[in-house]
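Here are some notes to read alongside the model, written for someone meeting it for the first time. Please keep the viewer open and follow the points in order.

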Amino acid sequence: MKFITIRKNNFNREDPLKISSSSLLKYAGFEEYEGFEDILDNFRYVSGRRFHNSDTSKYSLPNDKTELDRLELSHGLLKHAFDGNYSSPMHDQLKDGITVLDIGCGTGKWTIENAVEYPQSTFVGIDMSPIFPTEDRPQNAGFIECNVLYGLPFPSNTFDFIHQRLLHAAFTEEQWMKVIKEIMRVLKPSGYVEFLELDGLNFNNSGPRTKEIMNKVKQFYMAKNICLNVPAKLKGFMDSTGRLGKVSIENRILPVGSWGDTFGELMLEYISMSFESYSVIMTRKFKFTEQEYRKLFSDFIQEVEKRQLSLTYTRFFAQKIH
């Protein structure tokens, strides 16, 4: 089945008119429109892994089946750790019916779960990779393929709630500011924005082998001018807009390894899948052989249990005041 694609230039984002939920769903692929494009050129393959094919994006991890499994596991772990899919005080509004945007929706797990739970609300996921399900999705959930760095293809003041998570390796600082400015544009006054991020390159209690891997990945991202340690900077980015009220922050320290019982073991599985995704960077950029990288990873596994590694995840949420 061919995915339906909607590009930024199909929609006048400066149109001051409000758009209805049905219009949002039309733009999210529920009706046929002229000008939709095929996705054959959206992917490229490196060392057997599939990646996006956008020259403007700095996001470097794959988007193949293995990566999708990793993202699905991540969703379940974060939902459990934070006792739900969001922290913003939006439950009553979601029950009554509002419009919600999920930026960088990936597999659509967050979008679809919430669409099922809140059938009166309309959910739109956007991502530059068209990996959102095309079948068996609720009728109040849709998808638009777009790169947020080109701007959000919606009129101003469209959404009541905007969600974005785990794009800590995707943007430069300048791009973060650009994205947040666009979020402010399409978020309605009194609406909420919520981010969930981590400093994925710094494990708590890291040992020498863990640091060796992470330092190499950090070198790779620094060469691309990626904004590192996003949780330490994100509140400042949000405050700098001058359009948000108090930024609320929630932290969770998630154990990695069997010392954290079943949850920790699942976190280790998730991290192992992440390191598998990093293997392309390590073997092609830093010239590790496959065997050398496997040995490095094996040493990391030993450090996980010996040093009781963990990662800190942080949610930021705030209300637009004007």
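1. A word on angles before we start: axes are lines fitted to C-alpha atoms, for helices over the stretch in contact, and angles run from 0 to 180 degrees between N-to-C directions. With that in hand, look at helix α6 (residues 208-223) and helix α8, which pack with their axes 11 Å apart at an angle of about 70 degrees. Angles of 65 to 115 degrees count as roughly perpendicular, so α6 is roughly perpendicular to α8. On the α6 side the contact is made by I213, M214, K216, V217, F220 and Y221, and on the α8 side by F275, Y278, I281, M282 and K285. These residues divide into nine nonpolar, no polar and two charged.

2. Now step back to the whole chain. Please bear in mind that this is a predicted model. The protein chain has nine helices and nine strands. Of its 322 residues, 55% are buried. Taking contacts between residues at least 6 apart in sequence, 74% join residues at least 24 apart.

3. In what order do the strands of the open sheet run? Seven strands take part, in the order β5-β4-β3-β6-β7-β9-β8, and the pairing is mixed. The edges are held by β5 (141-145) and β8 (248-255); each has a single partner strand, so one side of each has no neighbour in the sheet. On average, neighbouring strands are turned by 15 degrees against each other, direction ignored.

4. Strand β6 (residues 159-165) and strand β7 (residues 187-198) pair in the parallel sense over six bridges, and R165 has L196 in β7 as its bridge partner. Likewise, β4 and β5 pair in the parallel sense over five bridges, with F123 opposite A141 in β5.

5. Helices also pack on this sheet. Helix α4 (residues 109-117) touches β3 (99-103), β4 (122-127), β5 and β6, and its direction makes about 175 degrees with that of β4. Helix α5 (residues 173-186) touches β3, β6 and β7, and its direction makes about 145 degrees with that of β7.

6. Helix α8 (residues 261-285) and helix α9 (residues 290-307) pack at an angle of about 150 degrees, with their axes 11 Å apart, which makes α8 roughly antiparallel to α9. The crossing is right-handed. Among the residues making the contact are L268, F275 and M282 of α8 and Y293, F297 and V304 of α9. The residues of this contact divide into 11 nonpolar, three polar and four charged.

7. Leaving aside neighbours within four places in sequence, V304 is in contact with V256, G257, W259, L268 and L309. The C-alpha atoms of V304 and S258 are separated by 8.8 Å, although these residues are 46 residues apart along the chain.

Definitions and conventions. Residues are numbered from 1 along each chain as its sequence is written. This is a predicted model: local features need pLDDT of at least 70, side-chain atom pairs count only at pLDDT 80 or more; totals for chains, interfaces and linings use all residues. Side-chain values use heavy atoms; hydrogens and water are left out. Helices (H or I, at least four residues) and strands (E, at least two) are DSSP runs, numbered from the N terminus. Angles under 35 degrees count as roughly parallel, over 145 as roughly antiparallel, 65 to 115 as roughly perpendicular and the rest as oblique. A crossing is left-handed if the near helix is turned anticlockwise from the far one by less than a right angle, and right-handed if clockwise. Contact means heavy atoms within 4.5 Å. Ala, Val, Leu, Ile, Met, Phe, Trp, Tyr, Cys and Pro count as nonpolar, Asp, Glu, Lys and Arg as charged, and the others, Gly among them, as polar. Two strands pair if DSSP finds at least two bridges between them. Buried means under 20% relative accessible area, exposed over 50%, partly exposed in between (1.4 Å probe, protein chains only).
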